[in-house]
Amino acid sequence: MRPYTLGTAPAPLLLLTGMISLQFGSAFAKRLFEQTGPTGATLLRLVIAAALLLLVSRPAPRLLRTHWRLLLPYGAVFAVMQFSFYEATSRLPLGVVVTLEFSGPLLLAALTSRRALDRVWVALAGAGLLVLGGTKGMDDPVGLAASLLTGAALTGYILLGARVGRAVPGGSGLALGLTVAAVLALPAAPALGLPSPGVLLTPGVLAAALAVAVLTTVVPFSLEFAALRRLPPRVFAVLSTVEPVIAALVGLALLGERLSWFQWAAVLCVVGAAVGTGRGAAEAPEPSPVPPGPSPAPPTARSTPSPAPSDRSPSRKNGVHT
């Protein structure tokens, strides 16, 4: 199958499938933590996903030499986003982490929008985030901090992803950015609590990490890439705002992570704010589409630059990925 060629499947279906794959993969990764810890799972996921995408995209080496000033920070932000996301999900329910992840892009929306109504939406989202932070995050301040760091990294990832999408053709930008992230993760992981190589290289762990890499990177990013070819970026962002709900449902079904009605209300506040800012942005004149360069999600709510296909957790969080 040619990369990112998915026939005539409806774009919303592609996007929904990608989000479900991402959250199922994230739930599966939480089970992997029992053997590798969040650091080991992150490192394996980055290395395996980078290798798979390099095989699929086959980017020309000259692209890395030509665009290294852009790909280096892009890969660095991606690595930070993945390490912090897995650290957060190892401590807090998946739905809570994905909702808190929206904080960065929503703040970006508030800072870049000139519409007074958008500030109302951001205030609504802030109320939901405060509820989640107070009911779950304060139980584990490290998990709360990691969730908020994921949101900050997601914001940088979106902004840099838009530039990568314009500068690097096809899926090469994502493959090269992920490769840079994997290279940067290799020396950083031991300082974050990496288990021994004997644990990481056992066949069972490698097989599980391969499944995580496919479910959380290769499948969702490829589907998001195809969806962005057929949807205006702002419509893509609005459709992606259901991701926190998907994350909460997957966490409940696979991990037994139950949220109270109060916490569900907080999640829906953030989703409602994301939809509101996304629809407001959609009313503005749509700029000429930028060839996409992947989400979660991502990404993961606002009047932000047109996201690149690699925007997980995030392009997806325009009204808002790991």
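Accessible areas are those given by the Shrake-Rupley method with a 1.4 Å probe. On this basis the chain, which is a predicted model, has an accessible surface of about 12700 Å², and carbon and sulfur atoms account for 70% of that surface. The chain contains 322 residues, of which 58% are buried. Its secondary structure consists of 13 helices and 0 strands, so that, by the DSSP runs used to define elements, the order from the N terminus reads α-α-α-α-α-α-α-α-α-α-α-α-α.

Tyr-157 is buried, since its relative accessible area of 0% falls under the 20% limit.

The model holds 4 aromatic pairs. One of them joins Phe-33 and Tyr-86 in an edge-to-face arrangement, with the ring centres 5.5 Å apart and 65 degrees between the planes. Phe-33 belongs to helix α1 and Tyr-86 to helix α3 (residues 68-89), so this pair ties together parts of the chain that are 53 residues apart in sequence. Both Phe-33 and Tyr-86 are buried. Another pair, formed by Tyr-74 and Tyr-157, is stacked, with 5.4 Å from centre to centre and 5 degrees between the planes. Here Tyr-74 lies in helix α3 and Tyr-157 in helix α7 (residues 141-167), so the contact ties together parts that are 83 residues apart in sequence. Tyr-74 counts as buried because its relative accessible area is 2%, under the 20% cut-off. Ring pairs also link Phe-33, Phe-85 and Tyr-86 into a cluster.

Charged side chains provide a further set of contacts. Side chains of opposite charge can pair when their charged atoms come close. The structure holds 3 salt bridges. In one of these, Lys-30 is paired with Glu-257, and the closest N and O atoms are 2.4 Å apart. This pair links distant parts of the chain, as Lys-30 is in helix α1 and Glu-257 is in the loop between α12 (243-255) and α13 (261-282), 227 residues apart. Lys-30 is classed as buried because its relative accessible area is 14%, under the limit of 20%. Glu-257, at 15% relative accessibility, is likewise buried because this value is under 20%.

The other contacts of this kind centre on Arg-91. Its side chain meets that of Glu-87 in a salt bridge, at 2.7 Å from N to O. Arg-91 is partly exposed, with a relative accessible area of 38%, and Glu-87 is also partly exposed, with a value of 23%. Asp-140 forms a salt bridge with Arg-91 as well, in which the closest N and O atoms lie 3.3 Å apart. Asp-140 counts as buried because its relative accessibility is 16%, under the 20% cut-off. Through shared partners, the salt bridges join Glu-87, Arg-91 and Asp-140 into one network.

At the surface, a nonpolar patch is formed by Leu-16, Ile-20, Phe-24, Val-242 and Leu-254. Together these residues have about 350 Å² of accessible area. The largest share of the patch, 3 residues, comes from helix α1 (residues 11-57). Leu-16 lies in this helix, and its relative accessibility of 37% places Leu-16 in the partly exposed class, because the value is between 20% and 50%.

Terms used. Residues are numbered from 1 along each chain as its sequence is written. This is a predicted model: local features need pLDDT of at least 70, side-chain atom pairs count only at pLDDT 80 or more; totals for chains, interfaces and linings use all residues. Side-chain values use heavy atoms; hydrogens and water are left out. Patches are made of residues with over 30% relative accessible area and no salt bridge: like charges are joined within 9 Å, nonpolar side chains (Val, Leu, Ile, Met, Phe, Trp, Tyr) within 5 Å. A salt bridge is a side-chain nitrogen of Lys or Arg within 4 Å of a carboxyl oxygen of Asp or Glu. Helices (H or I, at least four residues) and strands (E, at least two) are DSSP runs, numbered from the N terminus. Buried means under 20% relative accessible area, exposed over 50%, partly exposed in between (1.4 Å probe, protein chains only). Rings of Phe, Tyr and Trp (its six-membered ring) pair if their centres lie within 6.5 Å; planes under 30 degrees apart count as stacked, over 60 as edge-to-face and the rest as tilted.
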